[in-house]
Amino acid sequence: MSNEKTSPGSGVRGPKSEINIQQLASGPQHPKRVLAALSGGVDSAVAAALLVEAGYEVIAISMLLAGNTEGHDGGCCSIDDFQDARRVAEQLGIPYYVLNLKDAFRSRVIDVFTDEYLRGRTPNPCLLCNRDLKFDLLWQRARELDARFVATGHYARVEYDQTTDQYRLLRGTDQRKDQSYFLFTLSQVQLARTLFPVGHLTKSEVREKARTLGLNIAEKPESQDICFVPDGDYARFIEERIAATQPRRVTAGEIVDEEGRVLGTHDGIHRFTIGQRRGLGVGGLTEPRYVTQIDPQSGRVAVGAKKQLMTRGLIANGVTWVLGKQEAEVNASVKIRYRHPVIPARIVPQDGGRAEVWFRQSYPAVTPGQAAVFYDGDQVLGGGWIEKAL
Amino acid sequence: MHPVYLDHNATTPLRPEVLEAMLPYLQTHFGNPSSIHRAGRRAKQGLETAREQIAALIHCRPSEILFTSGGTESNNLALGGVLRSARARGSHVVTTAIEHSSILEPLQALGPDGVDATLLPVNDEGRVEAGSLVAAIRSDTVLVSIGLANHEIGTIQPITALSRITKERKVPLHVDAVQAAGKVPIDVDVLGVDLLSLSAHKIYGPKGIGALYVRKGTAISPLLHGGPQEREKRAGTENVAAAVGFGIAATLAAQELETNAAHCLLLKSKLRDTVLSRISGTYVNGLIDDCLPNTVNIGFTDTTGEGLMMGLDLAGIAVSTGSACAAGSLEPSHVLLALGRDPEAAKSALRFSVGKDTTEAEITYVLDVLPKVVERVRAARSIMSNE
């Protein structure tokens, strides 16, 4: 990619996706067949419904990811969710299948999630799941079924830019629901075969649409953050997971202050996240203390005042660019976690898929393991995985 | 092309004759067969006629037939009932690694109650060897349970030979004949079995009704209590209309057994032979001979059964692969794993089970669609691994 071609913010808004699709339909696949992922929630249901209305041949699938199918835990793979998804597919009159992706989810998401925490980092399993399952394995299934597209209920938009002949990944129109952060790894090839039918709607419009269609999940509440840890106690989840086979991987150690004074001990670095305030187990301090550093070698967790969390930037690895490799510096807004305002920054690409991200002013709590996603306004430029603070 | 249904081992359509026989018992003859008045007697008459018809299918006495809610309950009753009544003598059961989950899971669930199960291995064609049964029977063994024909691969076990061993060791033999009934002749004396499970909906009867044959003199305790029905072995008002349907289905199955088996075998063989010759990387899981006439399980290298099944379904063809979990997704087949297939291979097989109404035109259609679906699934995999 050359910088001129894609100078941030320029570029004509492409036509609505329906029109692009006609152009793309020349491949070997069925031009109007779409594999639509249903989670049992309202967003993906309305996404599938919109595709049916637009005349696509929609095949609905749900992904069985975690082993817990007892239906009592409220996690994402509960029988209730599959039942809801199945009902939606029936109402829309489309075929429905549940894909067993447990093995892939275990190796590509849960194992990585566990390893990252045990190494003192803070992973984002949704990012991994999107990259490796929804937009990789699901696409394989789409190919198997002769489908041209994979569709999800993400709040994000894909637009085709005729002047550059490229696909642009944009934030969802509903800024509060925008999920483009989770999609930064998508390549041109992937964007060309991806549909986000609710990306241009607000959440309330989606619910309204669901009501209009009489979908029984119209009022269903939002799902959890980490679907496979329904009670939110991720530390216990990790401990139970490794208890039988690898208990020694837990790194316990000391909690120290900014001068290196030992304030206490802890049971494992996986219980901490940079910027964490609660649950430090050190009392008697006058000022709030935050986790500022986690050393996986010594097991030492440093805590300090809020000002010590401030950093000027970060180093990201595994950097990808939506419009193709970027070598020149670029000014962008950066999101360092999903629920975080953007930070104005300068991105300096380095060798080996790394990039330095220099913030315009200092920001607190850069968390290794999360993604840093680069934006120009609504447009996702790319992103990478946070290696460390600068 | 109308939908092509090649999943008769999962269930079969209800025969019109069966429906017709059932309707009076859902409408006019609604009585409770335990009631002593006229309405009750009329219902009882239907129930007992059905019992005779089912007994005739497997050559036993009507008094040896207990009605249940289906094959799963029959298997649970055989295991749990014999184990309960034999508690004083022991709680060891011998079965095989390829049984239906309604055998394996009850045994697993009974583990905490002290029930110990030995799972006999099978060879790579799914057959149990007599020697392994001899070695597995212990002094505290109270039951041997072996499926007559396997639900996934169709392999038929040499029950007559195996029952000689159980008789000699004086251990009752239970046989799950849910898949075999109506497809191969069954005579409880020739087989030498003491208990045998049947299900109506596998032989063009209704769902929700099954039977357990219990040889006279075989000790068995009830699992359901609360009434004297079924000789105090299975409490609860009988599902009369379904039993009547089961009876007719059994009679017709016995009458048409040879014709239907020959018809199924012809179509199944054509399907199997053409797939094996026309599609590369295909092989049969199980046996060619000593196999249910209607069943063939074919492995397709470099595919997923899931993808093949979905692709065929979208083309209107119903087949099966592995077994579904509660959510409706597919699990790798424990049967194929027990044959020694690796987990990949256990996930890339399809079970085709034809029925008495399957036509040659339907097989031709499947043979037209299947190679394309296989090719597409393989192409998708190779593209993905290159991307």
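Trainee: In β11(A), which residue is the bridge partner of Ile255(A)?

Mentor: The partner of Ile255(A) in that strand is Val301(A). Please note that this is a predicted model, in which local features need pLDDT of at least 70 and side-chain atom pairs pLDDT 80 or more, while totals for chains, interfaces and linings use all residues. Residues are numbered from 1 along each chain as its sequence is written, chains are lettered from A and ligands numbered from 1 in the order in which they are written, and side-chain values use heavy atoms, without hydrogens and water.

Trainee: How many bridges join β8 to β11 in chain A, and do they run parallel or antiparallel?

Mentor: Two bridges join β8 (residues 253-256) of chain A to β11 (residues 300-304) of chain A, and these strands run parallel. Strands count as paired if DSSP finds at least two bridges between them. Strands (E, at least two residues) and helices (H or I, at least four) are DSSP runs, numbered from the N terminus.

Trainee: What is the order of the strands in that open sheet?

Mentor: The order in chain A is β9-β8-β11-β10, four strands with mixed pairing. At the edges are β9 (262-266) and β10 (290-295) of chain A, each of which pairs on one side only. From one strand to the next, the twist averages 25°, taken between N-to-C directions on a scale from 0 to 180 degrees, with axes fitted as lines to C-alpha atoms (for helices, over the stretch in contact).

Trainee: And β13 of chain A, which strands does it pair with?

Mentor: β13 (residues 330-335) of chain A pairs with β14 (residues 343-349) of chain A over five bridges, in the antiparallel sense. Here Ala332(A) stands opposite Ala345(A). β13(A) also pairs with β16 (residues 371-376) of chain A, antiparallel again, over three bridges. In that pairing, Ser333(A) faces Tyr375(A).

Trainee: Tyr375(A) has a ring; what sits over it?

Mentor: The charged end of Arg171(A) does, 4.3 Å from the ring centre. The criterion is that CZ of Arg or NZ of Lys lies within 6 Å of the ring centre and within 35 degrees of the ring normal. In chain B, the charged end of Lys356(B) sits over the ring of Tyr204(B), at 5.1 Å from its centre.

Trainee: Changing topic, how many aromatic pairs are there over all chains?

Mentor: The search of the whole structure finds 14. Rings of Phe, Tyr and Trp (its six-membered ring) pair if their centres lie within 6.5 Å; planes under 30 degrees apart are stacked, over 60 edge-to-face, and the rest tilted. One of the pairs is Phe113(A) with Tyr117(A), edge-to-face at 5.2 Å centre to centre and 80° between the planes.

Trainee: Why are Phe113(A) and Tyr117(A) separated by about one helical turn?

Mentor: They are separated in this way because they are four residues apart in helix α4 (residues 102-118) of chain A. Phe113(A) is buried at a relative accessible area of 0%, and Tyr117(A) is buried at 5%. Buried means under 20%, exposed over 50%, and partly exposed in between (1.4 Å probe, protein chains only).

Trainee: Which residues form the ring cluster?

Mentor: Ring pairs link Phe105(A), Phe113(A), Tyr117(A), Phe228(A), Tyr234(A) and Phe237(A) into a cluster.

Trainee: Finally, how many helices and strands does chain A have?

Mentor: Chain A has eight helices and 17 strands. Of its 390 residues, 56% are buried.
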